[in-house]
Amino acid sequence: MSKTLNQQKTQEFLKLLLEFNKHHNLVSKQKKDNLQEDVEDCLQLIGHINHNPIRTLDLGSGNGFPGIIIAIQNPKLKIDLAEKQNKKAHFLRSTISKLNISNATVIQKNIANNSDERYDLIVARAVATTEKILHMTSKILLPKSKYLLMKGTVSKTKAEAEKIKLPHQIHPYTLLNKERCILEILTP
């Protein structure tokens, strides 16, 4: 898929999100005027998906960040969007259908209790603490899995990462003068 087509689909996604938001509050008033910042934030993950995952999970996909962005940017990557709330899951399904995103599927259930699926890449943005994410997903991992968790400041992320016993790396970046980072965790 060309870069221009990716950009076009991304802009269509943002239009759908804003339209749905008029009736179903998926985006705060402060955020809706600057959704491009959320897109840019999610694009930071793309460079860290450097292996060929068999199955990817966006945990707590919510309004589609980062799962929809990842699906648009990497159409060969199979990604499940886990969202248990009805209105958010409905929005995600509708968006996938309207934008013809064939590599994304919505899973509307508590993924922590789902032992049917297995993943080798789990991404998450603003879902829970690192410890809680690791606990919630421990039964759905393939061997040698990887987490890419979108986090805030490096200092807070370091403090969270100290509590885990798995190999990890923090990838800092700045977005609109805000310190952000991606916590990459590798599993045995």
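Biologist: What share of the contacts with a separation of 6 or more comes from residues 24 or more positions apart?

Modeller: Residues 24 or more positions apart account for 65% of those contacts in the chain, where contact means heavy atoms within 4.5 Å. This is a predicted model, in which local features need pLDDT of at least 70 and side-chain atom pairs count only at pLDDT 80 or more, while totals for chains, interfaces and linings use all residues. Residues are numbered from 1 along each chain as its sequence is written, and side-chain values use heavy atoms, leaving out hydrogens and water.

Biologist: How many helices and strands are there?

Modeller: Seven helices and seven strands, taken as DSSP runs numbered from the N terminus (helices H or I, at least four residues; strands E, at least two).

Biologist: Why is the chain called as compact as a globular protein of that length?

Modeller: Its radius of gyration is 16 Å, and the globule rule gives 16 Å for 188 residues, so the description holds. The radius is taken over C-alpha atoms, and the rule is 2.2 Å times the number of residues to the power 0.38.

Biologist: What makes the buried residues of H5 line one face?

Modeller: Ala89, Phe91, Leu92, Thr95 and Ile96 are buried (under 20% relative accessible area; exposed is over 50%, partly exposed in between, with a 1.4 Å probe and protein chains only). Down the axis of H5 they fall within an arc of 160 degrees, so they line one face; the arc uses directions from the helix axis to the C-beta atoms.

Biologist: Which exposed residues does the face turned away carry?

Modeller: Asn86, Ser97 and Lys98.
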